[in-house]
Amino acid sequence: MFQAKINAGLLQSSIDAVGVFVDECKVRVDSEGLSVKAVDPANVGMVELDVPADSFDSFEADDELLGLNLTKFDDIIGMAKAGDVVALELDPETGKLKIQIDGLRYTLSLIDPESIHQEPNVPDLDLPGEVVLAGAEINRGIKASGMVSDHMAFGVEDKSFYMSAEGDQDDVRVDLTEDEVISLTAEEDARSLFSLDYLESMSKAIPSDAQVTLYVGSDFPVRMEFELQGGDADVSYLLAPRIENE
Amino acid sequence: MEFTEFARRVERVEELKGDHEKTAEVADLLSAAEDDVDVVARFVQGRVFPGWSQHKLDVGPALLYEAISLASGASEQEIEEVVRETGDPGDAAAKLEFGSQQTLGGGADTVDEVYRAFERLADESGEGSQRAKVRVVADLLMDADDASARYVARLVLGEMRVGVGEGTVRDAVAEAYDVDVEAVERALMLTNDCGRVAETARVEGEKGLRALDIEVGRPVKPMLAQQADVEDLFDDLGDEAAVEWKYDGARVQVHVDGTGEVSLYSRRMEELTESLPDVVEQIESEVEDDVVLDGEVVATEDGEPMPFQELLRRLRRKYDVRETQEEVSVEVQLFDVLYRGEALLDETLEHRRRVLEEAGGDLISPSWRESSMDGVRRVERESLDAGHEGIMAKSLDSTYSPGRRGRNWLKLKPEPETLDVAVVGGEWGEGRRTDLIGSYHLAVRGDGDLLKVGNVATGFTDEDLDRLTETFEDLVVQGDGMEVEFEPKVVFEVGYEEIQTSPEYDSGFALRFPRFLGVRRDKDVKDVDSLGKLERLYR
């Protein structure tokens with residue numbers, strides 16, 4: 001059983017956050033709320049999304065696992081106007097998802113969750129650098145790096161956080177000291193390199209005004225955590241690094 | 001079986017020169033694969049899915065290079081550079097360093113896991129699927145060693161280039177499981193599924209193989225006819241022959257299952273059901289359930305047959321089928337039956353024809369039994385008068401051999417022949433045509449490779465060039481300025497004035513005044529005309 005009403009804007013930005021990595025995903029609903037865990041087809045990037053029950057206008061669910069075609073779902077939710085409420089209901093007879101937006105009714109066929117790419121088990125990572133900063137700062141660093149290269153570094157060094165990229169001709173570097181970010185803790189210096197192909201699409205889903213907590217290690221995945229719509233949903237990204245060739 | 005072990009063994013197969021050595025090595029590979037033999041028997045030939053399957057990877061060199069770039073960190077220019085150096089995308093992948101991009105886990109280690117990844121790749125379609133396809137392929141390459149990278153890249157493009165074809169796998173299955181090679185051959189012909197044949201041989205032996213049979217819903221290759229002169233007809237076929245009209249259409253295999261559901265397949269076993277709704281309707285109203293029939297679809301206008309090109313226009317337009325249906329109407333002419341509640345392949349044509357007349361309703365193509373040259377000439381005249389291509393003559397006591405081109409079926413066409421050739425390269429145009437590939441390099445089938453016979457640059461409409469450029473852009477293996485090399489995937493039908501000898505091309509022949517007649521979408525590069533045919537026509 002699953003029946004819920006949710007603000008269209010929150011639903012849209014939640015889908016966008018997951019759509020960065022996948023076109024279809026498994027959506028888990030239970031009494032706590034709605035959650036998604038998905039990894040991109042190359043096993044390089046992973047997203048976890050949590051929308052707690054009290055972020056919905058109304059929410060009722062038993063444990064269910066829904067296989068969702070995100071591209072289609074995104075198109076449907078795109079029909080909503082700002083401020084609309086989207087009603088979702090799993091039809092127990094047909095196993096389809098009934099979507100209602102201001103008089104518009106859409107019945108969406110779900111996909112077999114078994115057929116969806118299974119995410120790997122990722123061990124707990126001990127990432128020594130933790131920095132909290134505005135989404136706008138990260139997006140700016142990614143955008144600038146994209147002008148010179150196809151990969152970039154995140155790092156902590158001497159109590160400051162940096163983003164840098166080295167191209168064939170040009171270089172980019174953004175340094176943010178302890179005082180210029182919201183907070184910074186670093187047990188040791190750290191630096192890892194990442195594909196901009198992934199970061200650029202992640203950047204589109206990171207709200208400029210969100211506080212992003214970024215965890216970085218040395219040649220380790222980077223984790224970025226932030227909230228959507230002032231805390232109504234939690235998003236966490238994990239991205240595998242590139243190892244620098246000597 | 002681990003994919004790295006598969007790659008290591010295939011590398012050995014590639015290095016071996018002699019057929020016997022290759023077969024023995026493949027037999028060894030199959031035995032070692034144990035219950036992964038179904039996948040391995042296909043992979044070793046560069047096939048991912050069974051022959052009858054409608055699954056396709058639909059990945060060209062451009063997408064592969066993008067995946068290699070993502071997995072290796074090398075830029076696409078660097079990759080194209082290495083492809084030029086090595087001359088092969090697989091060798092290029094083997095030469096590049098992987099392992100810089102890390103993953104969060106997962107990945108594919110066994111041949112079965114690689115196969116599952118290919119299934120995901122084939123399932124990706126529509127908006128955004130390119131990105132997902134690139135990433136699935138990248139995932140296969142990320143942890144790959146040299147040999148694995150080489151064969152993943154080649155599998156993705158559908159060509160293993162290790163000198164192993166269906167014949168080698170047939171012999172290797174016989175050797176590995178100690179079964180009769182004829183039984184393997186028969187099973188392959190009937191199932192089009194070398195994986196299933198190998199697995200059956202492994203588990204159930206020869207008895208299991210002999211129990212395999214044609215099934216409704218799984219297309220088999222159609223039986224083919226040999227070109228012949230009318231004069232020699234009775235030498236090949238005996239005192240009496242079945243003589244039929246030869247249509248300028250496209251071959252179609254009709255499957256009707258026990259519930260009356262109709263599926264149509266091309267000679268390449270691609271499903272055509274959606275493209276030919278009017279044919280489906282004709283079959284539904286005329287034909288019995290639970291049969292497999294062989295026939296030809298023919299385009300007509302006001303009851304007159306239209307050239308093959310018109311029909312292709314219909315088959316190509318998957319999306320506006322109903323609209324084209326108004327312009328070109330299509331009918332089916334049935335001339336053989338392969339299955340009616342039971343397999344009929346081993347029955348004689350005479351018997352099958354009787355069954356067809358009971359099962360095929362009003363859609364049966366006429367057939368005459370003729371024992372004199374006068375009779376044959378009469379049928380030929382009638383066929384040509386009705387606007388058809390010529391005649392077929394068939395041996396009355398011959399069985400149906402899928403995929404075989406023998407002397408039991410003869411095609412007799414009065415017109416000069418056209419050639420079906422592979423397109424292996426092209427040149428960007430000049431002036432008004434700078435954005436278009438305006439000239440195409442053509443090749444025929446030599447002994448294992450493709451040999452050039454010239455270029456075609458005439459016969460195209462502007463619309464043809466737009467469409468062809470779009471198609472071929474995805475098939476560019478490497479491009480050096482104006483000249484580009486294509487992955488050979490597309491078959492052109494070309495006309496010409498005559499065939500000349502020429503030192504300029506590696507076939508030793510050149511076509512005089514070649515002109516483009518159309519794309520043979522129903523044909524595979526494996527089916528293009530051979531150097532032997534060129535030699536025959538030259539004489």
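Helices (H or I, at least four residues) and strands (E, at least two) are taken as DSSP runs, numbered from the N terminus. The structure is a predicted model, in which local features need pLDDT of at least 70 and side-chain atom pairs count only at pLDDT 80 or more, while totals for chains, interfaces and linings use all residues. Residues are numbered from 1 along each chain as its sequence is written, chains are lettered from A and ligands numbered from 1 in the order in which they are written, and side-chain values use heavy atoms, with hydrogens and water left out.

In chain B, Arg267(B) is located in the loop between strand S4 (262–265) and helix H14 (277–286). When neighbours within four places in sequence are left aside, Arg267(B) is in contact (heavy atoms within 4.5 Å) with residues including Pro222(B), Leu224(B), Arg251(B) and Asp527(B).

Arg154(B) counts as buried because its relative accessible area is 3%. Residues up to four places away in sequence not being counted, Arg154(B) touches Glu14(B), Asp88(B), Gly90(B), Asp91(B), Glu159(B), Met160(B), Arg161(B) and Val162(B). The C-alpha atom of Arg154(B) is separated by 15 Å from that of Asp139(B), 15 residues apart along the chain.

Backbone geometry was also examined. Most residues other than glycine have a negative phi. Asp58(B), although not a glycine, has a positive phi of about 60°, and Asn192(B) has a positive phi near 55°. Asn192(B) lies in the loop between helix H11 (181–191) and helix H12 (194–211) and is classed as buried because its relative accessibility is 9%.

Asp58(B), in turn, is found in the loop between helix H3 (37–43) and helix H4 (61–72) of chain B. Asp58(B) is exposed because its relative accessible area is 62%.

Technical notes
Buried < 20%, exposed > 50% of the residue type's maximum accessible area, 1.4 Å probe, protein only.
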